[in-house]
Amino acid sequence: MKQTTHPPDRRPVVDRKGAATAAPLPARTTPRRRPRSQQWAAWAFLTPVTLYLTLFYAYPLYRNIDLSLRNYTVRSFVRGDAPFTGLKNFETVFQDPTFGPALVHTVVFTAVCLFFQYAIGLALAVFFNQHFRLSATLRALFLVPWLLPLIVSASTWSWMLNSDSGIVNALLSAVGIDPVNWLTSPEWSLTSVIIANIWIGVPFNLVVLHSGLQSIPGSLYEAAALDGASAWRRFWSITFPLLRPVSAITLLLGLVYTLKVFDIIWIMTKGGPADSSTTFATWSYRLGFGNLLPAFGPGAAVGNLLVVAALVFGLVYLRVQRKQALA
């Protein structure tokens, strides 16, 4: 059989005069591979980040998981021959009498701090969004607690809340209220560290939420004002809904930070008195380093509970964001 060849397909194209002319199809283009030099440059930029994440995040997390699954002592920690015990350390933690109070204190400390840090930060962000005179200066002054080292902030609050010479009790005595044992009373120790942590966390919420307010168009407020909406109505109908994505990431970062707060509590109360302000963070440190015979395994197990809690909330946040993106 004789093989026939077909001419290339040419589609008619009508010009301005109405004559049909054949126009060739565009030639196929093959994807060009990136030069090898660009690939090496990409790997060169990724290498420092990969090494940093591996050395300071992945490896410590692996070591912490390994500690929680083995029976480490000081000797076996040095020699590296600790026997594998599985979930025995977690069972020890769950059966410890400190677990219940530490769990309650961690939940209360985290929830109360998040609520007041966000509420106060949002109120201040809305206030400074008015762009009045000295607003930038005052906003910068509110950043001071966030910029100070935590040891300085915690020491300052320890002095202010001192039962004998603290300025807070001096002010209470001036208005006829009996002094309060803020740091040495089981009823007030947790409240004391919560107040200090709220004071430290408010500036972060202020900065992030204020930047979110800058992205809301002012025309929306002008249209709402022309329709007769009050300031409170404009806040609930415009500001709060449009600030929801920024609020979500602010609360998530605040949650992760608050779960691992250790410096403030340890400097002010050391988790006492009588474990009245002990959280998972301080309990983990005390198990691993606060005793003459450290319990490395149970201490790492408590730390892993905090990691799991932060991971769960992070996954919930990603799921909510994905649903909002698809909606």
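Threonine 278 counts as buried, because its relative accessibility is 1% and the cut-off for buried is under 20%. The model is predicted. Threonine 278 sits in the loop between H13 and helix H14 (280-289).

**Around threonine 278**

Two polar partners stand out for the side chain of threonine 278. A polar atom of this side chain lies 2.7 Å from the backbone oxygen of glycine 271. The side chain also makes a polar contact with the side chain of aspartate 275, at 3.2 Å. Beyond four places in sequence, threonine 278 touches Thr98, Pro101, Ala102, His105, Gly271, Trp283 and Arg286.

**The loop between H13 and H14**

Aspartate 275 belongs to the loop between H13 and H14. Its phi is positive, about 60 degrees, although aspartate 275 is not a glycine. Aspartate 275 counts as partly exposed, because its relative accessibility is 25%. Lysine 270 lies in the loop between H13 and H14 too. Lysine 270 also has a positive phi, about 55 degrees, and is not a glycine.

Proline 273 is another residue of the loop between H13 and H14. The peptide bond that leads from glycine 272 to proline 273 is cis. Its omega is near -5 degrees.

Alanine 274 has its place in the loop between H13 and H14. Is alanine 274 buried or exposed? It is exposed, because its relative accessible area is 74% and the cut-off for exposed is over 50%. Proline 186 is 88 residues away from alanine 274 in sequence, yet 7.0 Å away in space, C-alpha to C-alpha.

**Helix H9**

Helix H9 covers residues 189-214 and includes tryptophan 199. Histidine 210 is found in helix H9 as well. Histidine 210 is buried, because its relative accessible area is 9%. Tryptophan 199 counts as partly exposed, because its relative accessibility is 34%.

Which residues does histidine 210 contact, leaving aside neighbours within four places in sequence? They are Ala125, Phe128, Asn129, Arg139 and Asn205. Histidine 210 and leucine 124 are 86 residues apart in sequence, and their C-alpha atoms are 8.3 Å apart in space.

| Residue | Relative accessibility | Class |
|---|---|---|
| Threonine 278 | 1% | buried |
| Histidine 210 | 9% | buried |
| Aspartate 275 | 25% | partly exposed |
| Tryptophan 199 | 34% | partly exposed |

In H7, the residues Ser153, Ala154, Trp157 and Ser158 are buried. They lie on the same side of H7, because they cover an arc of only 135 degrees around the axis. The buried residues of H7 pack against helix H6 (144-147), H9 and helix H13 (263-268).

Two elements give two or more residues to it: helix H5 (135-141) and helix H7 (150-160).

**The whole protein**

The protein has 15 helices and two strands. Of its 327 residues, 32% count as buried. The accessible surface comes to about 21,600 Å², and 67% of this belongs to carbon and sulfur atoms. Among contacts between residues at least 6 apart in sequence, 62% join residues at least 24 apart.

Notes
Residues are numbered from 1 along each chain as its sequence is written. This is a predicted model: local features need pLDDT of at least 70, side-chain atom pairs count only at pLDDT 80 or more; totals for chains, interfaces and linings use all residues. Side-chain values use heavy atoms; hydrogens and water are left out. Helices (H or I, at least four residues) and strands (E, at least two) are DSSP runs, numbered from the N terminus. Buried means under 20% relative accessible area, exposed over 50%, partly exposed in between (1.4 Å probe, protein chains only). Contact means heavy atoms within 4.5 Å. Accessible areas come from the Shrake-Rupley method with a 1.4 Å probe; for residues, only the protein chains shown count as cover. The arc is that of the directions from the helix axis to the C-beta atoms. A polar contact is a pair of N or O atoms within 3.5 Å; within protein, one must be able to donate a hydrogen and the other to accept it, and residues adjacent in sequence count only if both atoms are side-chain atoms.
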